[in-house]
Amino acid sequence: MEIQDMVIRLRYALEIKNKEMVEIFKLGGVNVTVPEVIEILTKSDDEEEDNDDKLQCTTSMFDSFLNGLIIYKRGVQEPKPGMPNPPAQSSQKREHINNLLLKRVKIAMSLTTDDMLDIFENAGLTVTKGELGALLRKEGHKNYKECGDKFARNFLKGLAIQYRG
């Protein structure tokens, strides 16, 4: 699944307006304008068309967008007294983008495991707690499982059903 499709589907599912998209990107550390957001959210009709001048949502932009979404929905996390400031949260280059989507949306929307299972169920996909746990684990863990496009697509579909339906 392309990053652009994930941004479009996530925006639809959570009913995020263009100005809010700009704010979320800004909270994540990426400065974009409303016309640039519209350009990112516009699907190209013809893949053979020269898209060199079209703004693409890169992996790092998507990572920043998801971080911004967490801050937008939950606020900035203040460090606890006596604790050092946590390092800026950025994904490892190797981490699969679909796993990142599941983890960050779970945090942003304050979803429990049962909530996520319900979201998958709404989309018509039965997922066990063990499977979900494997998808949410840190890469490199012995039980880590890479999230496929089918899971990501159904998660975004179920999210749209839950929040828009």
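**Notes on core, rings and charges**

1. Let's start with Phe62. Leaving aside residues up to four places away in sequence, phenylalanine 62 touches Ile3, Met6, Val7, Cys57, Ile97 and Leu101, where contact means heavy atoms within 4.5 Å.

2. A word on the basis. This is a predicted model, in which local features need pLDDT of at least 70 and side-chain atom pairs count only at pLDDT 80 or more, while totals for chains, interfaces and linings use all residues. Residues are numbered from 1 along each chain as its sequence is written, and side-chain values use heavy atoms, with hydrogens and water left out.

3. The largest nonpolar core has 47 residues, and those touching the most other members are Leu10, Phe25, Phe62, Leu101, Phe155 and Leu159. Such a core is a set of buried Ala, Val, Leu, Ile, Met, Phe, Trp, Tyr and Cys residues joined through side-chain atoms within 4.5 Å; buried means under 20% relative accessible area, exposed over 50%, and partly exposed in between (1.4 Å probe, protein chains only).

4. There are three aromatic pairs (Phe, Tyr or Trp rings, the six-membered one for Trp, with centres within 6.5 Å; planes under 30 degrees apart are stacked, over 60 edge-to-face, the rest tilted). Phenylalanine 25 and phenylalanine 65 make a tilted pair, 5.0 Å centre to centre with 45° between the planes. Phenylalanine 25 is in helix 2 and phenylalanine 65 in helix 4, so this pair ties together parts 40 residues apart in sequence. (Helices are DSSP runs of H or I, at least four residues, numbered from the N terminus.)

5. Phenylalanine 120 and phenylalanine 151 pair edge-to-face, at 6.0 Å and 80°. Ring pairs link Phe120, Phe151 and Phe155 into a cluster.

6. Which charged residue lies over the face of tyrosine 12? Arginine 164 does, at 3.9 Å from the ring centre (the rule asks for NZ of Lys or CZ of Arg within 6 Å of the centre and within 35 degrees of the ring normal). Arginine 164 also forms a salt bridge with glutamate 15, with the closest N and O atoms 3.8 Å apart (a Lys or Arg side-chain nitrogen within 4 Å of an Asp or Glu carboxyl oxygen).

7. Aspartate 63 and arginine 104 meet in a salt bridge at 2.5 Å, N to O. Aspartate 63 is buried at 8% relative accessibility, and arginine 104 is buried at 5%.

Methods:
Helix = DSSP H or I, 4+ residues; strand = E, 2+ residues; numbered from the N terminus.
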